[in-house]
Amino acid sequence: IPADCVPAGDLQVREIRGGRYAIVHHVGPYAELEHPYRWLYGSWLAQSGEEPDNAPTVEEYLNDARMVPPTELRTEIWLPIR
């Protein structure tokens with residue numbers, strides 16, 4: 001990690017492992033992220049025959065909440081699968 005990228009305070013650097021992920025794309029406010037999570041874990045996972053891997057789920061924020069209205073926020077949820 002370059003010296004100018006070392007986190008300060010409560011921030012930590014974590015590595016996202018490689019492998020397979022199920023990815024769902026959400027458009028809308030962050031307050032509504034529970035809906036794609038419910039679908040991903042409650043519906044898709046049960047019907048897919050896949051199993052979640054023992055790694056954290058990742059959220060990738062694809063645009064800037066300071067630049068677009070909440071209805072246009074785009075977020076990917078990455079669920080690690082075996």
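View 1. Pro36, Leu40 and Leu45 are buried in α1, where buried means under 20% relative accessible area, exposed over 50% and partly exposed in between, for a 1.4 Å probe and protein chains only. The buried residues of α1 pack against β1 (20–27) and β3 (74–81), contact meaning heavy atoms within 4.5 Å. Gly49, just after the helix, takes a positive phi of about 80 degrees.

**View 2. Aromatic pairs, including Tyr21 with Trp78**. The whole structure holds 3 aromatic pairs, defined for rings of Phe, Tyr and Trp (its six-membered ring) with centres within 6.5 Å, and classed as stacked when the planes are under 30 degrees apart, edge-to-face when over 60 and tilted for the rest. The ring centres of Tyr21 and Trp78 lie 5.4 Å apart with planes at 65 degrees, so this pair is edge-to-face. The pair links strand β1, which holds Tyr21, to strand β3, which holds Trp78, across 57 residues. Tyr21 is buried at 18% relative accessible area, whereas Trp78 is partly exposed at 23%. Tyr30 and Tyr61 also pair edge-to-face, at 5.2 Å centre to centre and 70 degrees between the planes.

**View 3. Salt bridges, among them Arg20 with Glu50 and Arg38 with Glu34**. A search of the whole structure finds 5 salt bridges, each a side-chain nitrogen of Lys or Arg within 4 Å of a carboxyl oxygen of Asp or Glu. Arg20 and Glu50 meet at 2.9 Å, N to O; Arg20 lies in strand β1 and Glu50 in the loop between α1 and β2, so the pair ties together parts 30 residues apart in sequence. Arg38 and Glu34 meet at 2.8 Å, N to O, and, being 4 residues apart in α1, are separated by about one helical turn.

Residues are numbered from 1 along each chain as its sequence is written, and side-chain values use heavy atoms, without hydrogens or water. In this predicted model, local features need pLDDT of at least 70 and side-chain atom pairs count only at pLDDT 80 or more, while totals for chains, interfaces and linings use all residues.

Note on methods:
Helix = DSSP H or I, 4+ residues; strand = E, 2+ residues; numbered from the N terminus.
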